[in-house]
Amino acid sequence: MKNLDCYTPVGQKWIRKQYETNAILEKHYGVEIKPSEEDDCPNDGWIYKDDKLFGVCEIKNRDYWSRGRGTKMTLEKLEQNPTYLVTAEKLYLLKEISQIKDINSYLFVNLVNSNCILEFKITDDFFGEFLFGFTEENSRTRYSSNDYKGDTIRKNAYLPIHNNPYFKIIKY
């Protein structure tokens, strides 16, 4: 398992940032986010409220819209676009966990250049169904946070930003 991205210097930087994001969310919502114990776990954390498992989450930290072009990721840049791109597989894994455990699932994206966190409530806790529609298509993205691994083509989901009642912006 030592060949995982989280063991590289760049990966370690983003793991530290993930813990900072957890702390912001914990303070904002009065919850506890326990990171997944396995490094190759399909989700980033478990959300507890009043010592009861409440949700599962994927946490992203973004500082570039396009690392290759050096375009910074900011709230203003995001608002110029109608969607946020995420690997579709991540959403389906959150959905599966939500259905098995009868909990909500979330995607949190820390826009480090804008001091805010994007919150997408992905599924409900009753049926574990997606709460909003999104499009999917194969597109080119970076393989990982480690640029030396290059680009890859994968199925990505495009989550709507505008007029999405399950999307919030948390400023910190």
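**Exercise 1.** Is Lys17 buried, partly exposed or exposed?

*Solution.* Start with the cut-offs: buried means under 20% relative accessible area, exposed over 50%, and partly exposed in between (1.4 Å probe, protein chains only). Lys17 has a relative accessible area of 22%, so Lys17 is partly exposed. Now look at Glu20: with 42% relative accessibility, Glu20 also counts as partly exposed. These two residues form a salt bridge, and their closest N and O atoms are 3.0 Å apart. A salt bridge here is a side-chain nitrogen of Lys or Arg within 4 Å of a carboxyl oxygen of Asp or Glu. Helices (H or I, at least four residues) and strands (E, at least two) are DSSP runs, numbered from the N terminus.

A word on the model: it is predicted, so local features need pLDDT of at least 70 and side-chain atom pairs count only at pLDDT 80 or more, while totals for chains, interfaces and linings use all residues. Residues are numbered from 1 along each chain as its sequence is written, and side-chain values use heavy atoms, leaving out hydrogens and water.

**Exercise 2.** Which residues are linked with Glu58 in a network of salt bridges?

*Solution.* Begin with Lys60, which forms a salt bridge with Glu58 at 3.0 Å between the closest N and O atoms. Lys60 counts as buried at 14% relative accessibility, and Glu58 counts as buried at 3%. Next comes Lys90, whose salt bridge with Glu58 has its closest N and O atoms 3.5 Å apart. This pair links distant parts of the chain, with Lys90 in helix α3 (residues 88–101) and Glu58 in strand β3 (residues 52–62), 32 residues apart. Lys90 counts as partly exposed, at 27% relative accessibility. Put together, Glu58, Lys60 and Lys90 make up the network.

**Exercise 3.** Which strands stand at the edges of the open sheet?

*Solution.* First write down the order, β1-β2-β3-β7-β8-β11: these 6 strands form an open sheet with mixed pairing. Two strands pair if DSSP finds at least two bridges between them. The edges are β1 (32–35) and β11 (167–171); each has a single partner strand, so one side of each lacks a neighbour in the sheet. For a closer look at one pairing, take β2 (residues 45–49) and β3, which run antiparallel and are joined by 5 bridges. Within it, Gly45 stands opposite Cys57 in β3.
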